[in-house]
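Please walk through this protein chain from its overall build to single residues.

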Amino acid sequence: MKDTAIIWFRNDLRIHDNEALTKAITDSNVVIPVYIFDERIFNGKTKFGFRKTDIFRTKFIIESIICLRKKLQKLGLDLLVAIGKPEDIIFNLAKENKSSWVYANRERTAEEVEVQDALEANLWTIGQEMIYTRGKMLYYTSDLPFPITQTPDIFTNFRKEVEKFIPVRKPLPIPEINYCQVPNENVEWGEIPTLEDFGHDINRLSESNLKFEGGEDVGLRQLRHYLWDTDLIANYKESRNGLLGWDFSSKFSPYISQGCLSPKLVYHEIKRYESERKSNDSTYWMTFEFLWRDYFRLVGKKYGNLIFKKGGIVQKTVNGLCEDRDQFQKWADGNTGIPFIDANMVELNKTGFMSNRGRQNVASFLVHDLKLNWQMGAEYFESLLLDYDPCSNYGNWIYISGVGNDPREDRYFNVVSQGRRYDDQADFIKHWLPNLQNVPNDLVHEVYNLNKAELTNYNVILGENYPRAMINLN
């Protein structure tokens, strides 16, 4: 009797460095790869009523699945695709095909754990087993010098214990498929859904948000572009706080979050670049960012649902943060009357992307200036961001809000001075807020301070073609 394995693809949409794929092919005679568009994630709502997965990330994932299916077909396999609940669909598939195991990349946050636990419980009723694998982090937790429960609460302490002492394992090669591992012809592989299948209005898509294309092939191409074709990585530390354009940052994050790129592959490619071309503060800083990503995931493992709670991992009683929907909507729509904030929010709403510098500023403004509940902002980011990852998203929000991994309680950003510093020529503001095009660059950051005659001269009417400032920042 042939051993049949099901590979449940989740946030590991690649064939390189894929432990689940490698182990399943090594251990099994027949392999059935599966991806389920979980109806609760693609059609569901967050607590505050936002779509859990808005159009930009849905588009990116659909493209990634199209790529994954093609790559598996080239290996001699295929990819079963369906919409529904993984714990039901995969269970029925396992029962029908009398599989022995379901391989899956283990997730650690509540919603994902609930689904994998439900599937595991279902499989036990028919004597089948879940086999969990790894692949989202640079480091294997078994290689770390401390158990997860003793992960340092300060990032610097974590970095000092890990960075220089724990090697990053080499990525796994793409496995070879034996022709007999293809399942029988009775498997219905299914059609890959479209954006319309999830109720999205494709008219929201435009040239400004089409540059991000999902898939392993595009992710590998972007890695090659940023390192070998352009040497852009050699200036990353200087350019990373940029705001406008494609090349100021690596743009790896959406590919990492959906698993189109392996963190280990990127790390070792950077190390090869350092060996063959150049090693400097910028190449180091890129790997430093991956350390932060690992750290937030470990914090999520250590503290569980506390990263989603209002009081954060410090379980602090938070007073004075309200949930004023009108105030929040102005922030979300980019109608605060503060140009630097509005430009960043308009970019997010139109593309699903925002720079790291922008994210810190709009989060600080929501929490510290508007005094709104940070959870509203975190859920809005969850809905829209191409590179959404639960641990990184909520970890950064609790960090900014003073209830996370930050020795400073008040991580406040002066958004006007930040705008002047990082958008000194106002190129970013004017790109996303064309109604301010005529305002001189040195005045646009505080357009709300201009008198009526100046505003008229620059074709700006506060309250009509640009909103009045929500609060006084003078």
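The protein chain holds 20 helices and five strands; both are DSSP runs, with at least four residues (H or I) for a helix and at least two (E) for a strand, numbered from the N terminus. Its radius of gyration is 23 Å, close to the 23 Å that the globule rule gives for 474 residues, so the chain is as compact as a globular protein of that length. The radius is taken over C-alpha atoms, and the rule is 2.2 Å times the number of residues to the power 0.38.

This is a predicted model, in which local features need pLDDT of at least 70 and side-chain atom pairs count only at pLDDT 80 or more, while totals for chains, interfaces and linings use all residues. Residues are numbered from 1 along each chain as its sequence is written, and side-chain values use heavy atoms, with hydrogens and water left out.

Along the principal axes, the C-alpha atoms of the protein chain fill a box of roughly 85 × 50 × 45 Å. Of its 474 residues, 58% count as buried. Buried means under 20% relative accessible area, exposed means over 50%, and partly exposed lies in between (1.4 Å probe, protein chains only). Among contacts in the protein chain with a separation of 6 or more, 77% are made by residues 24 or more positions apart. A contact means heavy atoms within 4.5 Å.

The protein chain carries 59 positive and 66 negative side chains, and the centres of these two sets lie 3 Å apart. Lys and Arg count as positive and Asp and Glu as negative, whereas His and the chain ends are not counted. The place of each charge is NZ of Lys, CZ of Arg, CG of Asp or CD of Glu.

Now to the strands. Strand β1 (residues 4-9) runs parallel to β2 and is joined to it by six bridges; two strands pair if DSSP finds at least two bridges between them. Ala 5 has Val 31 as its bridge partner in β2. Strand β2 (residues 30-38) also runs parallel to β3, with five bridges between them, and here Ile 36 is partnered with Ala 82 of β3.

How many of the nine residues of β2 are buried? The count is nine of nine. In a regular strand the side chains alternate between the two faces of the sheet. In β2, Val 30, Ile 32, Val 34, Ile 36 and Asp 38 point one way and Val 31, Pro 33, Tyr 35 and Phe 37 the other way, and all are buried. Strand β3 (residues 80-84) is mostly covered too, with four of its five residues buried.

Strand β4 (residues 101-105) pairs with β5 in the parallel sense over five bridges. One of these links Val 102 to Met 130 in β5. Four of the five residues of β5 (residues 129-133) are buried, so this strand is largely enclosed by the rest of the structure.

Several single residues follow. Phe 91 belongs to helix α4 (residues 86-97) and, at 13% relative accessibility, counts as buried. Leaving aside neighbours within four places in sequence, Phe 91 is in contact with Pro 86, Leu 119, Asn 122, Leu 123, Thr 125 and Ile 126.

Phe 48 sits in the loop between α2 (39-42) and α3 (55-75), yet it is buried, with a relative accessible area of 7%. Not counting residues up to four places away in sequence, Phe 48 touches Glu 323, Arg 325, Asn 373, Gln 375, Met 376 and Glu 379.

Ser 250 is another loop residue, between α8 (236-239) and α9 (253-257). Ser 250 is buried at 8% relative accessible area and touches Gln 222, Tyr 226 and Met 286, not counting residues up to four places away in sequence.

The last two residues concern the backbone. Most residues other than glycine have a negative phi. Gln 315 has a positive phi near 50°; it lies in the loop between α11 (281-303) and α12 (325-333) and is exposed at 58% relative accessibility. Lys 371 has a positive phi of about 60°. Its loop runs between α14 (356-369) and α15 (374-384), and at 42% relative accessibility Lys 371 counts as partly exposed.
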